[in-house]
Amino acid sequence: MITILNDNFSQLNDFLHQKSFSKIFILVDENTHEYCLPILLGNMETDLGFEILEIEAGEEMKNIQTTNQLWEILTEMQADRKALIINLGGGVVTDMGGFVASTYKRGIQFINIPTTLLSMCDASIGGKTGIDLMHYKNMVGTFAFPEQIFIYPKFLETLPYKELRSGFAEMLKHGLIADKSHWENLIQIHKLDVDGIIPHINVSMNIKSKVVEQDFHEKNIRKTLNFGHTIGHAIESLCLEQGNPILHGEAVAAGMICEAHLSYLEKLISEEDSKNIIENIQRYYPYLDITDFKDEDIFSLLLNDKKNTDNKVNFSLLSAIGSCVFDHHCHQKNIQKSLSFYRTLNNI
(Lines give C-alpha, C1' and ligand atoms only; values in the text may rest on other atoms or scores of the structure.)
Protein backbone atom coordinates (compact mmCIF):
# COMPACT_ATOMS: atom_id res chain seq x y z
CA MET A 1 0.00 0.00 0.00
CA ILE A 2 2.93 2.35 0.68
CA THR A 3 5.41 2.58 -2.19
CA ILE A 4 8.64 4.57 -2.32
CA LEU A 5 8.88 6.13 -5.77
CA ASN A 6 12.05 6.01 -7.80
CA ASP A 7 13.11 9.01 -9.86
CA ASN A 8 11.08 8.08 -12.94
CA PHE A 9 7.89 7.30 -10.98
CA SER A 10 7.61 3.92 -12.74
CA GLN A 11 5.61 2.41 -9.86
CA LEU A 12 3.00 5.15 -10.16
CA ASN A 13 2.80 4.69 -13.93
CA ASP A 14 2.41 0.93 -13.53
CA PHE A 15 -0.46 1.57 -11.14
CA LEU A 16 -2.17 3.98 -13.57
CA HIS A 17 -1.79 1.53 -16.47
CA GLN A 18 -3.19 -1.40 -14.51
CA LYS A 19 -6.38 0.40 -13.52
CA SER A 20 -9.31 1.48 -15.68
CA PHE A 21 -9.87 5.07 -14.58
CA SER A 22 -12.10 7.37 -16.60
CA LYS A 23 -10.29 10.59 -15.73
CA ILE A 24 -7.71 11.92 -13.29
CA PHE A 25 -8.05 14.94 -11.01
CA ILE A 26 -4.91 16.19 -9.27
CA LEU A 27 -5.54 18.17 -6.09
CA VAL A 28 -2.77 20.61 -5.13
CA ASP A 29 -2.35 23.76 -3.08
CA GLU A 30 -0.53 26.81 -4.36
CA ASN A 31 2.79 25.58 -2.96
CA THR A 32 2.67 22.04 -4.35
CA HIS A 33 1.41 23.46 -7.64
CA GLU A 34 4.64 25.44 -7.94
CA TYR A 35 7.20 23.04 -6.47
CA CYS A 36 5.87 19.49 -6.81
CA LEU A 37 3.34 19.33 -9.64
CA PRO A 38 5.98 19.94 -12.36
CA ILE A 39 7.93 16.92 -11.07
CA LEU A 40 4.82 14.75 -11.06
CA LEU A 41 3.65 15.80 -14.52
CA GLY A 42 7.16 15.45 -15.91
CA ASN A 43 7.18 11.79 -14.88
CA MET A 44 3.54 10.75 -15.15
CA GLU A 45 2.79 8.63 -18.20
CA THR A 46 -0.90 8.23 -19.03
CA ASP A 47 -3.23 8.67 -21.98
CA LEU A 48 -6.04 9.68 -19.66
CA GLY A 49 -7.23 13.26 -19.50
CA PHE A 50 -6.51 15.07 -16.26
CA GLU A 51 -7.52 18.27 -14.53
CA ILE A 52 -5.68 20.28 -11.89
CA LEU A 53 -7.69 21.35 -8.82
CA GLU A 54 -5.88 24.04 -6.84
CA ILE A 55 -6.72 25.38 -3.40
CA GLU A 56 -5.02 28.01 -1.28
CA ALA A 57 -2.44 26.71 1.18
CA GLY A 58 -3.13 26.56 4.91
CA GLU A 59 -5.16 24.82 7.59
CA GLU A 60 -7.78 27.58 7.41
CA MET A 61 -8.77 26.27 3.95
CA LYS A 62 -9.67 22.80 5.30
CA ASN A 63 -13.36 23.58 5.69
CA ILE A 64 -16.78 22.78 4.28
CA GLN A 65 -16.73 25.80 1.95
CA THR A 66 -13.60 24.60 0.14
CA THR A 67 -14.93 21.05 0.15
CA ASN A 68 -18.20 22.18 -1.42
CA GLN A 69 -16.32 24.05 -4.14
CA LEU A 70 -14.39 20.89 -4.98
CA TRP A 71 -17.58 18.80 -5.10
CA GLU A 72 -19.11 21.37 -7.44
CA ILE A 73 -16.06 21.37 -9.73
CA LEU A 74 -16.10 17.56 -9.92
CA THR A 75 -19.79 17.70 -10.81
CA GLU A 76 -19.30 20.38 -13.46
CA MET A 77 -16.48 18.34 -14.99
CA GLN A 78 -18.70 15.25 -14.97
CA ALA A 79 -16.46 13.14 -12.78
CA ASP A 80 -17.92 9.65 -12.52
CA ARG A 81 -17.32 6.79 -10.10
CA LYS A 82 -14.35 5.58 -12.14
CA ALA A 83 -12.52 8.89 -11.74
CA LEU A 84 -9.33 9.07 -9.69
CA ILE A 85 -8.23 11.89 -7.40
CA ILE A 86 -4.50 12.25 -6.80
CA ASN A 87 -3.86 14.20 -3.61
CA LEU A 88 -0.49 15.87 -4.06
CA GLY A 89 0.35 17.81 -0.94
CA GLY A 90 0.65 17.94 2.81
CA GLY A 91 -1.83 16.98 5.49
CA VAL A 92 -4.46 19.53 4.48
CA VAL A 93 -4.52 18.26 0.89
CA THR A 94 -4.53 14.55 1.79
CA ASP A 95 -7.09 14.99 4.60
CA MET A 96 -9.50 17.07 2.54
CA GLY A 97 -8.84 15.35 -0.77
CA GLY A 98 -9.56 11.99 0.81
CA PHE A 99 -12.76 13.37 2.34
CA VAL A 100 -13.91 14.81 -0.99
CA ALA A 101 -13.19 11.53 -2.77
CA SER A 102 -14.77 9.30 -0.12
CA THR A 103 -18.04 11.27 -0.15
CA TYR A 104 -18.45 12.35 -3.79
CA LYS A 105 -21.01 10.03 -5.41
CA ARG A 106 -20.65 7.91 -2.24
CA GLY A 107 -17.01 7.34 -2.93
CA ILE A 108 -14.51 7.47 -5.77
CA GLN A 109 -10.93 6.22 -5.77
CA PHE A 110 -8.02 8.33 -4.59
CA ILE A 111 -4.30 8.03 -3.98
CA ASN A 112 -2.04 10.12 -1.78
CA ILE A 113 1.32 11.49 -2.83
CA PRO A 114 2.43 13.33 0.33
CA THR A 115 4.88 16.17 -0.13
CA THR A 116 5.59 17.14 3.49
CA LEU A 117 7.30 15.19 6.24
CA LEU A 118 4.18 15.34 8.40
CA SER A 119 2.06 13.90 5.63
CA MET A 120 4.59 11.22 4.70
CA CYS A 121 4.96 9.93 8.25
CA ASP A 122 1.47 10.52 9.53
CA ALA A 123 -1.39 12.34 7.80
CA SER A 124 -1.48 10.41 4.51
CA ILE A 125 -1.30 7.02 6.27
CA GLY A 126 -4.17 5.34 8.04
CA GLY A 127 -7.29 6.18 6.06
CA LYS A 128 -8.48 9.11 8.14
CA THR A 129 -10.00 11.86 6.03
CA GLY A 130 -11.63 15.05 7.21
CA ILE A 131 -12.12 18.76 7.49
CA ASP A 132 -12.35 21.25 10.34
CA LEU A 133 -15.69 22.52 11.63
CA MET A 134 -15.48 26.16 12.68
CA HIS A 135 -12.21 26.10 14.65
CA TYR A 136 -12.57 22.46 15.78
CA LYS A 137 -9.94 20.20 14.22
CA ASN A 138 -11.04 17.29 12.00
CA MET A 139 -14.58 17.21 13.36
CA VAL A 140 -16.14 15.97 10.10
CA GLY A 141 -14.64 13.10 8.16
CA THR A 142 -14.60 9.47 7.14
CA PHE A 143 -12.45 6.38 7.42
CA ALA A 144 -11.42 5.59 3.85
CA PHE A 145 -8.21 3.99 2.65
CA PRO A 146 -6.49 5.41 -0.42
CA GLU A 147 -5.85 2.95 -3.23
CA GLN A 148 -2.14 3.59 -2.78
CA ILE A 149 0.30 5.90 -1.03
CA PHE A 150 3.32 6.89 -3.06
CA ILE A 151 6.26 8.45 -1.24
CA TYR A 152 8.86 10.53 -3.08
CA PRO A 153 11.36 11.59 -0.39
CA LYS A 154 12.99 14.21 -2.62
CA PHE A 155 9.85 16.34 -2.25
CA LEU A 156 11.20 17.12 1.23
CA GLU A 157 13.90 19.20 -0.42
CA THR A 158 11.20 21.71 -1.42
CA LEU A 159 10.15 22.34 2.20
CA PRO A 160 11.02 25.34 4.37
CA TYR A 161 12.66 24.43 7.67
CA LYS A 162 9.51 25.08 9.74
CA GLU A 163 7.53 22.53 7.71
CA LEU A 164 10.27 19.95 8.13
CA ARG A 165 10.32 20.60 11.87
CA SER A 166 6.53 20.33 12.00
CA GLY A 167 6.57 16.82 10.59
CA PHE A 168 9.41 15.79 12.88
CA ALA A 169 7.03 16.19 15.84
CA GLU A 170 4.94 13.24 14.62
CA MET A 171 8.08 11.14 14.25
CA LEU A 172 9.05 11.93 17.84
CA LYS A 173 5.54 10.96 18.90
CA HIS A 174 5.82 7.60 17.17
CA GLY A 175 8.97 6.84 19.13
CA LEU A 176 7.46 7.95 22.43
CA ILE A 177 4.32 5.82 22.09
CA ALA A 178 5.70 2.69 20.47
CA ASP A 179 9.47 2.44 19.97
CA LYS A 180 12.03 3.69 22.49
CA SER A 181 14.95 3.04 20.15
CA HIS A 182 13.30 5.17 17.45
CA TRP A 183 12.94 8.02 19.96
CA GLU A 184 16.57 7.65 21.03
CA ASN A 185 17.77 7.65 17.43
CA LEU A 186 15.74 10.74 16.58
CA ILE A 187 17.02 12.81 19.49
CA GLN A 188 20.56 12.15 18.29
CA ILE A 189 19.80 14.34 15.28
CA HIS A 190 21.40 17.66 16.14
CA LYS A 191 20.54 19.47 12.92
CA LEU A 192 17.12 18.95 11.39
CA ASP A 193 17.67 18.59 7.68
CA VAL A 194 16.50 16.26 4.93
CA ASP A 195 19.64 14.10 4.94
CA GLY A 196 19.40 13.55 8.69
CA ILE A 197 15.70 12.74 8.69
CA ILE A 198 15.23 10.55 5.60
CA PRO A 199 16.91 7.43 7.13
CA HIS A 200 14.27 7.39 9.89
CA ILE A 201 11.12 7.93 7.82
CA ASN A 202 10.45 4.24 7.14
CA VAL A 203 10.43 3.43 10.86
CA SER A 204 7.85 6.12 11.54
CA MET A 205 5.69 5.05 8.61
CA ASN A 206 5.80 1.44 9.76
CA ILE A 207 4.83 2.34 13.33
CA LYS A 208 1.79 4.25 12.09
CA SER A 209 0.84 1.52 9.60
CA LYS A 210 1.09 -1.32 12.14
CA VAL A 211 -1.09 0.51 14.65
CA VAL A 212 -3.71 1.25 12.00
CA GLU A 213 -3.71 -2.37 10.79
CA GLN A 214 -4.70 -3.45 14.30
CA ASP A 215 -7.45 -0.88 14.79
CA PHE A 216 -8.64 0.89 11.64
CA HIS A 217 -11.70 2.55 13.21
CA GLU A 218 -9.88 3.78 16.33
CA LYS A 219 -11.69 1.69 18.92
CA ASN A 220 -8.63 0.94 21.03
CA ILE A 221 -4.88 0.95 20.28
CA ARG A 222 -5.10 3.50 17.46
CA LYS A 223 -6.01 6.05 20.11
CA THR A 224 -2.37 5.98 21.25
CA LEU A 225 -1.50 7.94 18.09
CA ASN A 226 -3.31 10.87 19.72
CA PHE A 227 -0.62 11.40 22.35
CA GLY A 228 0.11 15.13 22.38
CA HIS A 229 -2.93 15.86 20.25
CA THR A 230 -5.61 16.34 22.89
CA ILE A 231 -4.06 19.50 24.31
CA GLY A 232 -2.20 20.15 21.05
CA HIS A 233 -5.40 20.31 19.02
CA ALA A 234 -6.93 22.69 21.57
CA ILE A 235 -3.95 25.04 21.25
CA GLU A 236 -4.03 24.76 17.45
CA SER A 237 -7.78 25.47 17.39
CA LEU A 238 -7.47 28.57 19.60
CA CYS A 239 -4.69 29.93 17.41
CA LEU A 240 -6.83 29.31 14.34
CA GLU A 241 -9.83 31.00 15.96
CA GLN A 242 -7.71 34.06 16.73
CA GLY A 243 -6.59 34.30 13.12
CA ASN A 244 -3.04 33.31 14.03
CA PRO A 245 -2.70 29.75 12.67
CA ILE A 246 0.31 27.68 13.64
CA LEU A 247 1.73 24.55 12.08
CA HIS A 248 0.26 21.28 13.29
CA GLY A 249 3.60 19.93 14.47
CA GLU A 250 4.25 23.04 16.55
CA ALA A 251 0.96 22.46 18.36
CA VAL A 252 1.67 18.74 18.79
CA ALA A 253 5.10 19.51 20.27
CA ALA A 254 3.49 21.80 22.86
CA GLY A 255 0.82 19.16 23.47
CA MET A 256 3.44 16.45 24.01
CA ILE A 257 5.23 18.61 26.57
CA CYS A 258 1.96 19.18 28.46
CA GLU A 259 0.91 15.55 28.21
CA ALA A 260 4.35 14.19 29.17
CA HIS A 261 4.14 16.30 32.33
CA LEU A 262 0.54 15.13 32.77
CA SER A 263 1.73 11.52 32.47
CA TYR A 264 4.09 12.23 35.38
CA LEU A 265 1.35 13.95 37.43
CA GLU A 266 -0.87 10.91 36.86
CA LYS A 267 1.97 8.69 38.17
CA LEU A 268 2.33 6.85 34.86
CA ILE A 269 5.98 7.79 34.23
CA SER A 270 8.82 8.98 36.43
CA GLU A 271 9.79 12.60 36.83
CA GLU A 272 13.14 11.72 35.24
CA ASP A 273 11.49 10.36 32.09
CA SER A 274 9.18 13.36 31.93
CA LYS A 275 12.12 15.76 32.12
CA ASN A 276 14.04 13.77 29.51
CA ILE A 277 11.13 13.98 27.07
CA ILE A 278 10.39 17.64 27.67
CA GLU A 279 14.00 18.81 27.46
CA ASN A 280 14.54 16.98 24.19
CA ILE A 281 11.36 18.35 22.61
CA GLN A 282 12.40 21.84 23.69
CA ARG A 283 15.66 21.43 21.76
CA TYR A 284 13.70 21.48 18.51
CA TYR A 285 10.59 23.58 19.22
CA PRO A 286 10.24 27.12 20.51
CA TYR A 287 7.77 27.96 23.25
CA LEU A 288 4.24 28.75 22.04
CA ASP A 289 2.77 31.69 23.90
CA ILE A 290 -0.51 30.48 25.42
CA THR A 291 -0.66 33.06 28.20
CA ASP A 292 -3.74 34.65 26.62
CA PHE A 293 -5.59 31.34 26.45
CA LYS A 294 -7.86 30.81 29.46
CA ASP A 295 -8.00 27.37 30.98
CA GLU A 296 -11.78 27.31 30.57
CA ASP A 297 -11.41 27.95 26.81
CA ILE A 298 -8.95 25.08 26.54
CA PHE A 299 -11.25 22.83 28.60
CA SER A 300 -14.19 23.70 26.34
CA LEU A 301 -12.21 22.41 23.38
CA LEU A 302 -11.00 19.35 25.28
CA LEU A 303 -14.60 18.40 26.02
CA ASN A 304 -15.33 18.41 22.28
CA ASP A 305 -12.44 16.07 21.50
CA LYS A 306 -13.51 13.16 19.27
CA LYS A 307 -12.07 10.53 21.64
CA ASN A 308 -14.30 11.49 24.56
CA THR A 309 -17.10 9.40 26.03
CA ASP A 310 -19.69 10.21 28.71
CA ASN A 311 -18.53 13.85 28.88
CA LYS A 312 -15.10 12.73 30.09
CA VAL A 313 -11.86 13.76 28.40
CA ASN A 314 -9.98 10.65 27.26
CA PHE A 315 -6.24 11.14 27.15
CA SER A 316 -3.58 8.97 25.56
CA LEU A 317 -0.63 9.21 27.95
CA LEU A 318 2.80 7.66 28.26
CA SER A 319 3.36 4.71 30.58
CA ALA A 320 7.06 4.62 29.62
CA ILE A 321 9.23 5.97 26.84
CA GLY A 322 8.04 3.74 24.02
CA SER A 323 4.72 2.78 25.58
CA CYS A 324 1.31 4.46 25.78
CA VAL A 325 -2.06 3.94 27.45
CA PHE A 326 -5.36 5.24 26.10
CA ASP A 327 -8.79 6.20 27.47
CA HIS A 328 -7.11 7.59 30.57
CA HIS A 329 -9.27 9.97 32.59
CA CYS A 330 -7.29 12.70 34.32
CA HIS A 331 -8.24 14.82 37.27
CA GLN A 332 -9.01 18.35 36.12
CA LYS A 333 -6.51 19.79 38.59
CA ASN A 334 -3.71 17.80 36.96
CA ILE A 335 -4.70 19.04 33.50
CA GLN A 336 -4.60 22.60 34.85
CA LYS A 337 -1.20 21.92 36.43
CA SER A 338 0.15 20.66 33.11
CA LEU A 339 -1.00 23.87 31.38
CA SER A 340 0.47 26.00 34.16
CA PHE A 341 3.72 24.06 33.88
CA TYR A 342 3.90 24.77 30.15
CA ARG A 343 3.36 28.48 30.75
CA THR A 344 6.35 28.55 33.11
CA LEU A 345 8.59 27.42 30.24
CA ASN A 346 8.22 30.89 28.76
CA ASN A 347 10.69 32.11 31.38
CA ILE A 348 13.36 29.54 30.65
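Guide: Let us start with handedness: a crossing is left-handed if the near helix is turned anticlockwise from the far one by less than a right angle, and right-handed if clockwise. Helices (H or I, at least four residues) and strands (E, at least two) are DSSP runs, numbered from the N terminus. Here, α4 passes α5 in a right-handed crossing. This is a predicted model, in which local features need pLDDT of at least 70, side-chain atom pairs count only at pLDDT 80 or more, and totals for chains, interfaces and linings use all residues. Residues are numbered from 1 along each chain as its sequence is written, and side-chain values use heavy atoms, with hydrogens and water left out.

Visitor: At what angle do α4 and α5 pack?

Guide: Two packed helices are described by the angle between their axes and the distance between the axes. Axes are lines fitted to C-alpha atoms, for helices over the stretch in contact, and angles run from 0 to 180 degrees between N-to-C directions. For α4 (residues 64–76) and α5 (residues 91–103) the angle is about 50 degrees, and the axes are 10 Å apart. The two are therefore oblique to each other (under 35 degrees counts as roughly parallel, over 145 as roughly antiparallel, 65 to 115 as roughly perpendicular, the rest as oblique).

Visitor: Which residues make the contact of α4 and α5?

Guide: Contact means heavy atoms within 4.5 Å. From α4 come Thr-66, Thr-67, Leu-70, Trp-71 and Leu-74, and from α5 Met-96, Phe-99, Val-100 and Thr-103.

Visitor: How many disulfides does the structure hold?

Guide: A disulfide is a covalent bond between the sulfur atoms of two cysteines. The criterion is a pair of cysteine sulfur atoms within 2.5 Å, and the structure holds 0 disulfides. For Cys-36, the nearest cysteine sulfur, that of Cys-121, is 16 Å away. Cys-36 has 2% relative accessibility and counts as buried (buried means under 20% relative accessible area, exposed over 50%, partly exposed in between, with a 1.4 Å probe and protein chains only).

Visitor: And backbone angles: what is phi of Phe-9?

Guide: Most residues other than glycine have a negative phi, and most peptide bonds are trans. Phi of Phe-9 is positive, near 60 degrees. Phe-9 sits in the loop between β1 (2–4) and α1 (10–18), and is buried at a relative accessible area of 0%. Lys-105 also has a positive phi, of about 50 degrees. Lys-105 is found in the loop between α5 and β5 (109–114), and is partly exposed at 40% relative accessibility.
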